[in-house]
Structures are given as C-alpha cells and as structure tokens.
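Colleague: Please put the model up, and then walk me through it chain by chain.

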Amino acid sequence: MYPRSMEDSDCVVIMGSNMAENHPVAFRWPMKAKVEHGATLIHVDPRFTRTSAVADIYAPLRAGTDIAFLGGIIRHILGSERWNTDPFFRTWVAHYTNAAAIVADDYRDAEDNDGVFSGLMEYTGGVPEWPYNGFSQQYDDRSWQYRRTPMRDQGRVAATAQSGESPRTPSGTQQPAVTRSGPPFDPLVRSLLRPPPERDETLQDPRCVLQIVRRHFDRYTPEMVERVTGCPRDVFLRVADTILANSGADRTTSFAYAVAWTQHTNGPQIIGCCALLQLLLGNFGRPGAGIMALRGHASIQGSTDVPTLYHSIHGYMPHPTALKRHETLHDYLSSETLPTGYWANMPKFVVSYLKSMYGDAATAENDFGYDWHPRIFGDHSHLPMFIAMHEGKVRGMLCVGQNPATSLNAKLEREALRRLEWLVVKDNWVHETAHFWKTAPEVVAGEVKPEDIRTEVFFFPAAQVAETEGTFTNTQRLLQTHFKAAEAPGDCRTDAWFTYQLGKRLKRLYAESQLPRDRGIRNLTWEYEHEDPKERAMGEPSALKILKEMNGYYTAEPDRHVAGFADLKDDGSTTCASWIYSGVFPARERNLAASKEPDPPGQRGAHLK
Amino acid sequence: MEISRRELFRFAGGGASALGGLAAAGVSLAPAAARAQELRIATARVTPSVCPFCSVGCATLVHTVNGQIVNIEGDPRSPHNEGTLCPKGAATFQLHVNPNRPTQVLHRAPGATEWEVWDLERAMDRVAELVKQTRDETFIERLQNGKLVNATTAVFSLGGATLDIEWNHLQQKLMRGLGIIAIENQARI
C-alpha cells in the first residue's frame, strides 16, 4: 500500500506499530485523514505511545494476542446484520475472493483435529551435513486443496504428451516419465494445470471457504477476546463496529503494522488474519484500502526482492534445494511453477536469471548452467547459522552493515564469533561486532582474554549514502536512485565496491581451475566497469550496469533493454536477474528509479506513470 | 499580529527555540529564513538523494560546496515527504561529516590485543585468499545421500537492510557463484 493513500481512508487501524514516532513522515497521511477528512484513527498496542495519544480509540492488549483480537473482529463482522445484508460485501467476497470455492473432504480444521490443522508434519531432522532444520511443525498442504471437477480437456493431454511427460494420474499426482529439459517450457506449465475448483455461489455449502472460515472463527467470542487479550469488551466491540461502519461501497478502512507483528513467531499468521479481515470487508485495491506494511529500513524491501536471503533467488523464486525434487531444471520447474496467474511464466524468469549468472556459458544443452548453481540443504538462516558457528562449523563471515554482537541472543552470538577463523566487517562505525574481541562484556569482565581469541578480524570503513550512487526500494516497493554528491574520505568505499573488488580477485584466483566444482565461479559474469574514467580508476562498479542486469536485456543485443517482464523468454534470448524489477530501466537513457519528476498538483501518483 | 515583550519571552522560552516559538505564534520568518538559507547554500551544488533510515523513502537534497557536503534537507518534489524530514532524517548530514567517522582499514591478527591499520589493497587480497581457502576446504559437491549441492556452509554472509539493491545483487550473485549458500539479511529479523 502507498502510505499516502491512507489519506483517503475513513478509518485507519494501526496495530503493532508506533507509527507516530517510527515512521513520522508517513504518519502525516493518517493524521491528514483524521484532521482534514474526519477519519477515525485506532491504535491497538500493549503500550500507550505517541500514536495512541492522537488516536480516537486506543485499545490495549496483551503482547502477542493479536490473533485473538483480529479473530474476534472477524467473528463479530461475520455475525453482524450489516455484513450479511449489505449487497456490497456479498458481491465482493463472491467475486474477488475464494469464498465460494469448495475445499476437498480430507481437510480438517483445528477444532476437529486436536488443535492443529490436518497435515502437520513430523520433525525429521534434516540431512547429516546440516542438522539444523527450523521447519519443525510445518504443514503439508496436500489436504488443504480445493475439490476439483475431473479433467475434461483432452487438448491438455495432447499438450502434455508433447512435452515428454505423462499426463496426470486421476488422483492428480504428477508422474513425469521423462525429465527432458526445455525450452520451450509452455507444455510443461500446461501439464501442471489442474481443473478449476468446484464452487457454491450461494456460499452455503458447509465445505465452501466462507463456511469453513465461519466455523473456524466461531470460538473468538467477545468474552474470549477479553479474556485472552485483556482488552475491555466494550473497547474491543467499539473497534470492531468502527471498522465495519467504515467499510463498504463508499468507505474504506486501512491497517498499518510493523515489526510488532512480524517479529512474533506467529507473525505470518497475524498478517494472514488481517488480510482475511480486509478481504471480507472489501478493503483491497480501492482508495484508502489495504494493509500498510511499515518496513523498518531504507531498502529492506530491496534486500527481500533482491534476496540476500538464503531461501530464495531473485523475485521470490525458491532457491534450488536438495530437500525437494530439484535435480534438473525440468524437475525444479515442475515442482515450483504455479501454472495459474503470472507465476505461470516462471520458466522465463528462471532461465533469464540463469543467463544473468552464467552468460554465454549457459545454454539450453547444459540446462542454462543449473547444475553449477548451488543447492541449499536445510535452514541456513541467521539463527541456525549462529548455532552452527557456535559449534565450530562456520569458519568465515562477511558482515556488511550489521551488528549481531548486540542483537538476538547476543552472548551466544559473541561466543560464536570467537570460534570464527576470520571475520570481515564493513560498516560506518567500528561497532561491537567489529571489536567483539576487545570490548565484549565477557572480555571486559576478564572471563575471556583477547589473546585466546584466534579470529582474524578486518574492518572496512563504508561510504555513506550521499557518497554513493545506488538505488533503494522503499516500503511500497518504489525504487529510488540516490546520486553521488561527494567523494568518500580516506579508504571509505561503497558496499558495491567491496563486493565487486572481492569478486574480481576471486575470479582471477579461479581463472585457471579445471575442477568441475569451480565452473560456477569461472562462468559467473562479472563485468560492471564504470563508464566514468575517474570512478573506473577507483574500482567503483557501475550502478547502471548492475541495475540493467536486474532489469534485463536481449542477450544478442545487450544495449537493448527489455521493457518489462512480459518481454522475457525461456530460451535464453533474454538475460534478466530480477524479473520483479524488470521495467525499472526499460531503455538505455531511461532509468525510471532516477525520475525526480514531482506529481502535478492534484494528480497524486502521476509521476509514477 | 502584535506581540508584547512579555509574550515574546513566553513564546521563545529560551534561545534555542526562539524562532520556533515565533513561528508558532504566527510570525512570518520567511524572508529571514530564506536569507539564512541562501547564505549557507548560495554557491552549493545540489544532488538528489534518499534518506537512508526507515522505509518511507523520503527524498533529500544534498548541498555541496567545493565537493564538501554542507547541508542535507528534504526534497520538496517528493510525493512522500514534500520537503519534510523527521529528526533522524534531518541528521543524515552527521553520518557524512563527523569527526568520529573511521576512514582507515583495520586488521586484527589472531590473538592480538590491538587493531593495526592496513593498506586497503592488502586487506582485500587477504580477504579473497581466506574466502577461497575456506570455500575450497569445505566445499560439498554431493551430500552423503548422493544429491548434488555444489555448496559450502562454512562461510556466512550477513547484510544490513539499508544497503543499495546494487550491493544486494552483487553480493548474492558472487556468493551463489562461489557456492556460498548461507546468505542472510536484516530483512529476516
């Protein structure tokens, strides 16, 4: 959601955020809605903060009871006269949600299944090489599928045969006979299509989604909400009634949340609950409607889209893993492609991504270098990595713009750092992680001697934002270029400089290797020399070349950028690292992230054209 | 608007907030403020930038005189902030021009009790050597179950969430190119 569109809301619910203090510049939009348009501002939070102080309703709750609060609103709304009689809600849920879809008979709700949904998996412990598996208590969603009418489309079977695959068995499970690689992958995608779900347009079938939702939330009575959340019943009911009164054909309610939702262990479930509520109320895709995720850092959205996160490759494609059927490119695409919606184009995104990795070396014959790409084999996220480091299984660390010595379970993380052979810190300041061997509380207290810490530590000072040309992706996924205004002092360098120069050195060190395991790094394309001679002499990579690689271009004509992700192909003729950013730089002289055109008066958002 | 001397003191409440007090009282300071601004950035070059703190994406203008940053303020053209900044964003200048800012590469040898200043190139060469050595000694081509992985978990890359997408792209590309799969970011936590 665009923060500024909160100005159009008739009611703004801020929950799990102290927006007034932590996103003050965006907070002016809900304030404007309140002060100038008479909107109601609601703050639901365990603490009475500056956000509460200006809210019309402040609803206190016990930390972590957000689902009970939201669930209570859902129940209250589903049971209200207005929701059941206003044709707007009925039309909305029937046409813009899956409320009418019928769920297959093997699905069992928590109420009927001893407190858990059907499909809860046993913890299996992972592979011996990486016994850290954070995915305990994961659900297998096979029992959560829609009931589907058996396939009648004979043309689809023919297309499947063409791709070298067996058609689906009547049970719907896939049995590929030949794992032949594409391209083209269109027949593969078509073979994954399943018949549409059965529907009950009257929304009365007990197995339709709406009825399952009704039954599931039936337990969230006002008494239960009061008991669990500690929020007085009258306050809770006022919140629920205000949200309902400010939703409908001519009114919208928006929600805003921040890390006080996401940092709960059940964060995704809280957010899912809010999404369900907003869907029931028709609060999506309309002015002043939606859910505002207030992210905390300048480009935290960017580092999720361009994933310096182990589990995904560019644009939310799952990282190839040894724990699933991902042996070949064909296997990966068969397992991960969603055949409906825009994700049906995933083969084009993956092949274009592999071309961005391995360039000319990636060909249809070698699955575009898919085998050179590493596979994950467990949970390699922040906390398991520190536990593995603590057990001596991690030898080196590159730490750029982070200070883990003061964060989660900090003592354990500092103990882990002491077991590293080497640590590289690149930051604005010589912080606690950089000199953990010197100023850690354990060292100051004399429990640990620096002489006994064998870690080799490097500190590289960073260039600041105004000394760097680059792009941030803000909370609403707007890409904005910041330009270089001044030279960084001394040995301060940009973060991109560091990685580019490290990569150049490693490329040289592996240049002569004939080992199969080094093919990935040998074939990795790594040419980002700056257009400007002075910057080139400094070794600074070209931000524009990097952005171009993310945007994508025609492989045979590198100067011709793709105009957007609709141009991508699955045969290697397009090179594009990040399909989701394709279109930001649609032509050589047209970097849209660098646009500084203001909106004309009264035409909000027009600059984004 | 007429203000008595007594009222002026009440509004001012102290030297530092005198101007804010006057502005709050409805006294227009526009000519004086414009004059002061003109003096400070009269000869400055203006470069558009973005605030590096939260995710709202407030646009800023960076003023430089002879290549030195003299001022950073909100960009009035931005639809996000329309020229405004929060106190943190307004202090971005101090990230750049700050006497405590480290500008040298530091190295701490195993067991050492002090930092040593190192040459940048030497440090980069040594880091590349360590990355290669660790990767090569810990590389797993296949798991015991025979599955191809071409990866190592012995090197951990952890990044912040205020870094450019250009860095994110290069970092994940280089790490995955090498087979380093433990790539994480502040965005997780």
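Modeller: I would start with chain B, where 41% of the 189 residues count as buried, a label for residues with 20 or more other C-beta atoms within 10 Å of their own, against 12 or fewer for exposed and partly exposed in between, with C-beta atoms placed from the backbone. This is a predicted model, in which local features need pLDDT of at least 70 and side-chain atom pairs count only at pLDDT 80 or more, while totals for chains, interfaces and linings use all residues. Residues are numbered from 1 along each chain as its sequence is written, and chains are lettered from A and ligands numbered from 1 in the order in which they are written.

Colleague: How many helices and strands are there in chain B?

Modeller: Chain B has seven helices and eight strands, which are DSSP runs numbered from the N terminus (H or I, at least four residues, for helices; E, at least two, for strands). Of the contacts in chain B between residues at least 6 apart in sequence, 32% join residues at least 24 apart, a contact being two residues whose C-beta atoms, placed from the backbone, lie within 7 Å.

Colleague: In what order do the strands of the open sheet in chain B come?

Modeller: The order is S1-S2-S3, with antiparallel pairing, where two strands pair if DSSP finds at least two bridges between them. Strand S1 (45–50) and strand S3 (68–74) of chain B are the edge strands, and each has a single partner strand, so one side of each has no neighbour in the sheet. Ignoring direction, neighbouring strands of this sheet are turned by 30° against each other on average, with axes fitted as lines to C-alpha atoms (for helices over the stretch in contact) and angles between N-to-C directions running from 0 to 180 degrees. S1(B) pairs with S2(B), residues 59–65, through six bridges in the antiparallel sense, and B:Pro48 has B:Leu61 in S2(B) as its bridge partner.

Colleague: Now the interface: how many residues of chain A are in contact with chain B?

Modeller: On the chain A side 117 residues are in contact with 96 residues of chain B. Helix H21 of chain A, residues 495–510, supplies the largest share of the chain A side, ten residues. That side divides into 64 nonpolar, 34 polar and 19 charged residues, with Ala, Val, Leu, Ile, Met, Phe, Trp, Tyr, Cys and Pro taken as nonpolar, Asp, Glu, Lys and Arg as charged, and the others, Gly among them, as polar.

Colleague: And which strand of chain B is joined to strand S10 of chain A?

Modeller: Strand S4 of chain B (residues 105–108) runs antiparallel to strand S10 of chain A (residues 456–461), and three bridges join them. Within this pairing, A:Phe459 has B:Leu106 as its partner.

Colleague: At what angle do helix H24 of chain A and helix H7 of chain B cross?

Modeller: The axes of H24(A), residues 543–551, and H7(B), residues 165–178, cross at roughly 70° and come within 10 Å. That angle makes H24(A) roughly perpendicular to H7(B), on a scale where under 35 degrees is roughly parallel, over 145 roughly antiparallel, 65 to 115 roughly perpendicular and the rest oblique. The contact brings A:Ala543, A:Ile546, A:Leu547 and A:Met550 together with B:Glu166, B:His169 and B:Leu170, and by class these residues are five nonpolar, one polar and one charged.
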